[in-house]
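Please keep the sequence and the model in view while reading.

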Amino acid sequence: MEEYNTIIIGSGIAGMTSGIYLKRAGINILIIENNMPGGELNKANTIENYPGYESINGTDLAMNIYNQLNSYNPDYLFEDITNVDLDNNIITTTSKKLKYKNLIIATGRRSKTLGLENEDKLIGHGISFCASCDGALYKDKTVTVVGGANTAVSDALYLSKICKKVYIIYRKDNLRSEEILKERLAQTTNVEILYNREITEYIEENNKIKAIKLDNNQEIKTDCLFLAIGYIPNSELFNVEKINGYIKVDNNYKTNKKNVYACGDVIKKDLYQLVTSASEGAITANNIIENQEKGV
């Protein structure tokens, strides 16, 4: 059984930041990831509130951090985790069992869905969670964004430069995004906002989205539906204390299990931003480093 001082589950900005700090301190780590490094960061079209960059694409920022981490030669394992035994410090993946002294849970969160009929089969066939990934496929077509916070409005602004027409469907009467995004939206002529509306049905043709039906029976033709309605924490594997699915941690990002930490968007906190996730990753790593120096 392979053993590591610290295993980090997840390579979003929090997990990768922890890895950078730990490797710089000479600590033996393994990062386990079952997807593309950067996680949800890869879905961000334009980032304008991360220090050091006036504007940067999410994937570019993710790769910058990934390349910085790789300069310290950490061990990576790109596999699914099948079991987590927090009492015996063992992680089981599809190919091996691993022992750790410290565990950092940095699994982030995933996009919510509407839960409508045939939704699962239409994902990738007219339903998307990533405007920057799939927007170019709908050049000069009509698309719809669902949601009213920063992600939804940013997606709509991005798509407005590619698509002929962009609808925003929002169930409340006022967008929740930052004012600067609202101002940009007000200057964008090919975006139409439908307030106080919810989607009740997907209308498909040849196994693809053709239109959507709203709760007032209005039908809107659309070539793609981009969902930006919130998130669910990826915490199901971990038997730790949680609040509404989000992992509860103390000021040192410790969970209620010995030597098990959590950071990033999987934890319960007030502000879900890239800069806070990076900070949490650094603080988590520093606590492990200090304990190592104390021989704890």
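How many bridges join strand S10 (residues 165–169) to S11? Four bridges join them, and the two strands run parallel.

## Basis of the description

The model is predicted, and for that reason local features need a pLDDT of at least 70 and side-chain atom pairs count only at pLDDT 80 or more, while totals for chains, interfaces and linings use all residues. Residues are numbered from 1 along each chain as its sequence is written, and side-chain values use heavy atoms, with hydrogens and water left out.

## Overall form

The protein chain has seven helices and 19 strands, where helices (H or I, at least four residues) and strands (E, at least two) are DSSP runs numbered from the N terminus. Its radius of gyration is 21 Å, close to the 19 Å that the globule rule gives for 296 residues, so the chain is as compact as a globular protein of that length; the radius is taken over C-alpha atoms, and the rule is 2.2 Å times the number of residues to the power 0.38. The C-alpha trace spans about 65 × 40 × 30 Å along its principal axes.

Of the 296 residues in the protein chain, 48% are buried, a class that means under 20% relative accessible area, with exposed meaning over 50% and partly exposed lying in between (1.4 Å probe, protein chains only). The protein chain exposes about 14,700 Å², of which carbon and sulfur atoms supply 42%; accessible areas come from the Shrake-Rupley method with a 1.4 Å probe, and for residues only the protein chains shown count as cover. Among contacts (heavy atoms within 4.5 Å) between residues at least 6 apart in sequence, 60% join residues at least 24 apart.

Strands of a sheet pair through backbone hydrogen bonds, either parallel or antiparallel. Here two strands are taken to pair if DSSP finds at least two bridges between them. Five strands form an open sheet in the order S8-S15-S9-S10-S11, with parallel pairing. Strand S8 (127–128) and strand S11 (191–194) are the edge strands, each pairing on one side only.

Helix H5 (residues 150–160) lies across strand S9 (142–146), S10, S11 and strand S15 (224–227), and runs at about 170° to S9. For such angles, axes are lines fitted to C-alpha atoms, for helices over the stretch in contact, and the values run from 0 to 180 degrees between N-to-C directions.

## The antiparallel sheet and its hairpins

An open sheet of three strands has the order S12-S13-S14, and the pairing is antiparallel. Its edge strands are S12 and strand S14 (219–221), each of which pairs on one side only. From one strand to the next, the twist averages 30°.

Strand S12 (residues 199–205) and strand S13 (residues 208–214) pair over six bridges. The partners in S13 include Ile212 for Tyr202 and Ala211 for Ile203, while Glu204 stands opposite Ile209. S12 and S13 form a hairpin with two residues between them, and Asn206 in the turn has a positive phi of about 55°. S13 and S14 pair over three bridges, with Ala211 standing opposite Lys221 in S14. These strands, S13 and S14, also form a hairpin, with four residues between them and a positive phi of about 70° at Asn217 in the turn.

## Cysteines

With a disulfide defined as a pair of cysteine sulfur atoms within 2.5 Å, the count comes to one. The disulfide joins Cys130 to Cys133, with an S to S distance of 2.1 Å. The torsion about this S-S bond is about 65°, so the disulfide is right-handed. Cys130 counts as buried at 5% relative accessibility, whereas Cys133, at 48%, counts as partly exposed.

Cys163 is buried at 4% relative accessibility, and Cys224 is buried with a relative accessible area of 1%.

## Thr276 in helix H7

Thr276 is found in helix H7 (residues 274–294). Because its relative accessibility is 17%, Thr276 counts as buried. Leaving aside residues up to four places away in sequence, Thr276 touches Lys269 and Leu271.
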